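Subject: Handing over a structure

Hello,

Here is the structure I promised to pass on to you. Please open it first, and then read my notes below.

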Amino acid sequence: MPSKRVLIIDDEVSIQKVVTISLKMEADWSVMAASSGKEGVQLAESHRPDVILLDVMMPGIDGIATYEALQENPVTQSIPVVLLTAKTRTAEKQLFQKLGVAGVITKPFPPLALASEIAKLVHWSL
Amino acid sequence: MQSTPDGCKFSFEKDLANTQPLTASSQTRLAKVMELMAANPEASCILAVYRQKVIGIATRSDLMRVIAAQADWPKLRLSKVITRPVMTVSATEPKTLTSLLQQLEQHRISHLPVVDGQGNLLGLIEQNRLMQKLLHQHQQYRSPLQHQRTQQLAEITLKIRQSLHLKDILQTTVDEVKRLLDADRVLIYQIFPDGTGKTTREAVASPYASILDIAFPEEVFPEDYQALYAKGRVRPVADVHQLESGLSDCLVEFMDELQVQSKLIVPIVQPMNPSVGETSLSKQLWGLLIAHHCRNPRQWSDFELDLMQHLAGQISLALSQGQLLEYLEDRVELRTAELTESNLALQREIKERQLVEAALRQSEAQLRLITNNLPVLIAYVDSNQCYQFNNQVYEHWLGESPQTISGKSMKRVMGKAHYEKVKDHIVAALAGEAVSYESELTFQGGRSHSVSVTYIPHIEPHSRPHKEVSKKNNRNSKRKSKPQVKGFFALTTDISDRIAIERMKDEFIAVVSHELRTPLTSIHTSLKLLATGRLGELSDDGQQMLEVADENTDRLVRLVNNVLDLQRIDSGEVTMDTYACDTAKLLDQAAEAMQTLAQQHKIDLQTQAVSLSVWVDPDYIIRVLTNLIGNAIKFSSSGHSVRLTVEPYLPHAAPSSKSNSKQALFCVQDYGQGIPSHKLAVIFERFKQLDSSDSREKGGTGLGLTICRKIVEQHGGSIWAESHPGQGSRFYFTVPLSRAQA
């Protein structure tokens, strides 16, 4: 499988870092990171990644608003989005699924199986 | 006026007879008779008449006797009391006063009705009145001596009648007879039931000896004599030494001892004791009135005989009155004693009641103190949904005093809108069901509070169903078997604080779940990546430190996950996504998931599964199984096996199952150290592992079994453990079979 390009949008720099290393180590994917929704939408538009990992709880524009912005943009609307969340409430998860995201990954995620988890959600074969 | 042999003439109408005697029908009730007697205090008797014919007579004494003896006397009829037949005297036949008196005395009667030729009642001759008349006539016609004697006789009679005491009457009699007859010794000789007798009263002139209290030998007064006297024999003996007196030698001898020359004996007879219940006609000899003349022999005159007889008659009357009096006094005494006793009993009862009431008041005061100081609304509602009791808290919370609420309907007090919301609960409570629900209540000041309400039905303890077998009555018996609910107790607790705390807890956990998990994710992921060694080699010590950090981060992640899971299940947030699943597949999936761990610990996982269809959320049931299998592996020594089974199960044997439908029974069995019996009951509670060191050593969080229990309970099943220390443990849980299989 050719190397995938991943955009992580998370205000936590440490998460950006572990995700970057994890995906590189596990699947040799290249990761670009954005620390806010606004920056994320810009990067997505300019770089058109293969998948976007989007944190739900962010200051300012949160994950849901960012997702809506991505969906409204014709350039980014077809890019699959996987939500990253620490929220465990069933109702919230169901709400996210209804938005039409490719999938939801709950923190803490399995660090050595993150790539395979993402691939499963977006139906890639590793 | 006609001339009669003794010169006494009379007219019944004018002089002698009472022409308006008291009369009544013999069917008159005694209550009415006594009213008549009371209205006519002069009347000494009442005549029972039928069509102007006298058919019976009842004296005041007769009536008194019946009243004293019969409790139900007011209902009795006059016919039960009257003496009959009644001796009458014809108004057309000429009679002398003396002959009338003789007739009265001869028949021992005191009243003589006067009738005309056809027997119709004209009037009534009374003994008293007759005697007064006689006295009057004697004053007119007799010699001065006779006149004096007659007057004296009347005087004695009156004197005797003045007293009701027998002792006085007897003494007066002997004193007066002695004086009047100028006798030397007058005595009253009383005869006892055994035939003996003695002198009980005496008047004796000097120098003659007193014979008071001397017992007479029996020969002196043999039984056949007694019989004669009982029939009314009067015995005048002019000279005891004369042959014609007919006295036995021994009696003459006895008379000589007493210096008696002449004697006169008249019997004193009396009616039977009324209390014994014998008829008034049977008479008995009570004693004798005896006059002795000791100076010389003496011829007793008719007058003297009359006098003695008359006085004996008076004594007889006094005796019967005395007896009646004594009897009445006894009755009064008895009744007084009874009344005193019942009065005392009543006082005791009053005192006991007062004590009970005081105790009740105290207990009620204590209860009020408690109910008024509990921070709970307490009320009693009757079957008409009206408040019968409210504690003081109603005033503090709702601003309505118990007095203003009492008796009012719940609907009125709550307001229609609130009542409609809780109406079903009220109806359920009045149908005998214990009800609990949560609601909102507006306190005074308008602030709404969350409240928890419990209704406890008050069921009549004696309303057990009647056992009726008849088919006909089946419907009735069903109606009767319904419990009789008299009302219910309503307890309302303010749970606003609890709700607020729960909300805070939820918020806190939500924050923790994000704020704790994000840094934890970074640490966890970083350590995992480092541990791969692909980011550079570490020294041996560095590698060891990394592993310690990695293992403990794993544990921390599990702990945080478990805490959050438990909170979610507890709060009811988790809804099980249940559908029909196969037990064998569930068991295989769980075993497969745990295979790696089992291999690490060199544990053999053995599976023996029956294929059953159960109604479960498979993710959660696999989680329970993996948790139990994980524990079994961790607590087994390497080389041992862990057995997994599933089979059909009838739940009656389960210690805490609430369901009665068929279930599947899962079992995870190990052969490890086992669990002490006192720990078995608590291991499903939070942080109740065998000991805290196990938790650290085996990497557990102390919440796994609690989560298992919650999940199983959410499925309507139950979970328990059996163990013998040293022989391993068996963890069982049940889940319901799917409808098709159950």
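**Loops of chain B**

Q52(B) is partly exposed, with 13 other C-beta atoms within 10 Å; a residue is buried if 20 or more other C-beta atoms lie within 10 Å of its own, exposed if 12 or fewer, and partly exposed in between, with C-beta atoms placed from the backbone. Before going on, please note that this is a predicted model, in which local features need pLDDT of at least 70 and side-chain atom pairs count only at pLDDT 80 or more, while totals for chains, interfaces and linings use all residues. Residues are numbered from 1 along each chain as its sequence is written, and chains are lettered from A and ligands numbered from 1 in the order in which they are written.

Q52(B) is not a glycine, yet it has a positive phi of about 70 degrees. You will find Q52(B) in the loop between strand 2 (45-50) and strand 3 (53-59) of chain B; helices (H or I, at least four residues) and strands (E, at least two) are DSSP runs, numbered from the N terminus. Q259(B), also not a glycine, has a positive phi near 65 degrees, and it lies in the loop between helix 9 (249-257) and strand 10 (262-271).

There are cis peptide bonds to look at too. One joins R84(B) and P85(B), with omega about 0 degrees, and another joins S206(B) and P207(B), with omega about 10 degrees.

**Where the chains meet**

Chain A gives 18 residues to the contact and chain B gives 19 (two residues are in contact if their C-beta atoms, placed from the backbone, lie within 7 Å). On the side of chain A that touches chain B, the largest share, six residues, comes from helix 1 (residues 13-27).

Helix 1 of chain A meets helix 17 of chain B, with S14(A), I15(A) and V18(A) among the residues on one side and T518(B), T521(B) and S522(B) among those on the other.

**Chain A and confidence**

Chain A has five helices and five strands, which follow the pattern β-α-β-α-β-α-β-α-β-α along the sequence. Of its 126 residues, 38% count as buried.

For chain B the mean pLDDT (the predictor's confidence in each residue, from 0 to 100) is 82, and 87% of its residues reach 70 or more. Over residues 1-10 of chain B, however, pLDDT stays under 50. The complex has an ipTM of 0.76 and a pTM of 0.43 from the predictor.

Best wishes
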